[in-house]
Amino acid sequence: MEKVPFLRPKLVELADYAPLLAEMDRVRQYTNFGPLNTRFERRILDEWMGGEGAATTVCNATLGLMLAISEIKRPGRYAVMPSFTFAATPLAAQWCGLEPYFVDVDPQEWVLDPRKLRQALDHLGKDAAVVVPYATCGTHMDLRPYEDLMRSGVPVVVDAAPCFGTSLDGRQFGRGFSGAVVFSFHATKAFPVGEGGLVYSADQNLIRRMKLASNYWFDGGRESLGLGLNAKLSEIGAAVALATLDAFPASVDRRKQIYRTYTRLLDASGALDAGWALQCVRGEAAYQWLPLIAPDVPSRDRLLRIAAERNIELRRYFVPPCHEHPQFQDASRGDLSMTDRLGDTAISLPLWEDLTDEMIFRVVGAVAEAARAPASQQSASGTVSA
Ligand SMILES: *Cc1c(COP(=O)(O)O)cnc(C)c1O
């Protein structure tokens with residue numbers, strides 16, 4: 001049977017950005033916020049953020065998170081965040097000299113649980129230097145409570161790595177938020193540049209500081225005025241990014257269409273009545289995979305086995321959750337029962353733009369098969385009713 005790969009990254013092609021590279025050849029500026037980079041940032045603001053706020057590119061989102069945390073944090077010891085995230089979130093905090101403090105996620109949307117976050121912040125008080133929520137798997141998480149936190153003096157950096165293209169009522173996620181919102185343009189994300197990223201904020205001054213910090217904190221001169229590093233996007237990266245912008249509306253539509261096909265088929269498969277569940281996303285996510293939870297560990301294993309037999313590649317994000325990584329296992333934490341449940345039962349299905357309907361049928365077929373009660377249970381219940 002033909003393999004269904006979990007992911008097949010696909011960037012725009014050379015022909016799409018060759019004219020921009022020719023422009024770069026003529027201008028002979030290759031980095032340091034060149035004309036292509038400036039044009040890209042301008043278009044992001046005008047076309048995706050309604051002209052509101054400011055944005056600065058970075059060469060990847062991990063450095064974007066580090067710079068954002070570094071520029072926005074207040075004195076204190078902890079970066080409060082979920083454990084159900086990619087390792088880059090707690091690593092960025094550690095690079096800023098902070099300790100991750102892990103808080104559980106909610107059972108529906110899998111973002112920081114508001115009640116448990118409140119408890120953690122009450123408990124930590126002034127020791128909470130920054131809060132770093134993750135917009136899990138690309139959901140348009142509700143940022144209003146985080147705007148309140150910002151107003152109360154608790155700085156917020158949103159790990160929105162997979163969220164470029166995520167919208168609610170046509171509004172791009174993050175637009176208008178006064179903390180920092182960090183997007184990734186890694187080859188595996190919905191907006192793929194290869195390596196790259198963007199930090200957005202409604203606060204233009206914050207973005208100005210971040211831009212300086214991403215260039216050694218030089219402000220016109222050659223003296224470092226703060227804790228900077230080099231996180232600039234090259235003009236080659238900006239050329240790919242500009243071409244990606246042109247192709248992006250169609251590719252986001254394609255991802256959203258695949259998501260609808262999946263949910264329709266999963267609904268019809270009976271799996272969602274048998275204890276399997278999808279993440280409840282707000283808005284429309286530009287998904288890079290489709291996250292699902294199994295009712296229990298034996299069901300999860302059944303799906304993994306059936307998928308392997310049918311040559312379908314699945315992955316388990318984020319397993320293990322960060323609090324179980326050797327690098328973070330000593331970090332302080334609150335109750336993480338939902339995170340542990342996700343760690344045990346979450347499975348991600350493939351969702352990339354060239355996935356065919358036939359492949360989606362096969363993937364959902366495997367889930368439906370795994371959702372059928374195993375033979376031993378069927379015969380047992382048969383015996384009882386007989
Ligand atoms: C992809 C990702 C990152 C890292 O982005 P890079 O651009 O590869 O550095 C960080 N956090 C989350 C949640 C991600 O999914």
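Q: Which of the 13 residues around the ligand come nearest?
A: In this predicted model, the ligand has a shell of 13 residues. That shell divides into five nonpolar, six polar and two charged residues. The residues that come nearest to the ligand are Ala61, Thr62, Asp159, Ser184 and Lys189.

Q: What percentage of the area that the ligand exposes when taken alone does the protein bury?
A: The reference is the ligand by itself, which exposes 390 Å². Of that area, the share buried by the protein is 92%.

Q: Which pocket corresponds to the space taken by the ligand?
A: The pocket in question holds about 390 Å³ of space. Its lining comprises 25 residues, and those nearest its centre are Phe86, Ala161, Ser184, Thr188 and Lys189. Ser184 and Lys189 are also among the residues that come nearest to the ligand. The space taken by the ligand is the largest pocket.

Q: Which element gives the largest share of the lining of the largest pocket?
A: Two elements each supply at least two residues of this lining, namely helix H3 (61-72) and helix H4 (88-95). The largest share amounts to three residues, and its source is H3.

Q: How many residues of the lining of the largest pocket are charged?
A: The lining of the largest pocket consists of 25 residues. Twelve of these are nonpolar and nine are polar. The number of charged residues in this lining is four.

Q: Which elements give two or more residues to the lining of the second largest pocket?
A: The second largest pocket has a volume of about 260 Å³. Its lining is made of 16 residues, with His140, Leu143, Arg171, Gly174 and Arg175 nearest its centre. The elements that contribute two or more residues to this lining are helix H6 (144-151) and strand S7 (171-172).

Q: How many residues of the lining of the second largest pocket are charged?
A: Arg171 and Arg175 are among the residues nearest the centre of this pocket. The lining also includes five nonpolar and four polar residues. Its charged residues number seven.

Q: What is the volume of the largest cavity?
A: A search of the whole structure for cavities of 30 Å³ or more finds one. The largest cavity is lined by 14 residues, and Arg8, Pro9, Lys10, Arg255 and Trp352 lie nearest its centre. This lining divides into six nonpolar, two polar and six charged residues. The volume of the largest cavity is about 110 Å³.

Q: Where does Pro320 lie?
A: The peptide bond from Val319 to Pro320 is cis, with omega near -5 degrees. The bond from Tyr317 to Phe318 is likewise cis, with omega near -15 degrees. Phe318 lies in the loop between helix H9 (297-309) and strand S12 (332-333). Pro320 lies in the loop between H9 and S12.

Q: What is the phi of Asn32?
A: Most residues other than glycine have a negative phi. Asn32, in the loop between helix H1 (14-27) and helix H2 (35-48), is not a glycine.

How values were computed. Residues are numbered from 1 along each chain as its sequence is written. This is a predicted model: local features need pLDDT of at least 70, side-chain atom pairs count only at pLDDT 80 or more; totals for chains, interfaces and linings use all residues. Side-chain values use heavy atoms; hydrogens and water are left out. A residue is near a molecule or strand if one of its heavy atoms lies within 4 Å of it. Accessible areas come from the Shrake-Rupley method with a 1.4 Å probe; for residues, only the protein chains shown count as cover. On a 1 Å grid over the protein atoms alone, a cavity is a set of points where a 1.4 Å probe fits but cannot get out, and a pocket is an open set with protein on both sides within 12 Å along at least five of seven lines; lining residues have an atom within 4 Å of a point. A molecule sits in a cavity or pocket if more than half of its atoms lie within 2 Å of its grid points. Ala, Val, Leu, Ile, Met, Phe, Trp, Tyr, Cys and Pro count as nonpolar, Asp, Glu, Lys and Arg as charged, and the others, Gly among them, as polar. Grid points are joined across faces, edges and corners, and a volume is the space filled by probe spheres set on the points. Helices (H or I, at least four residues) and strands (E, at least two) are DSSP runs, numbered from the N terminus.
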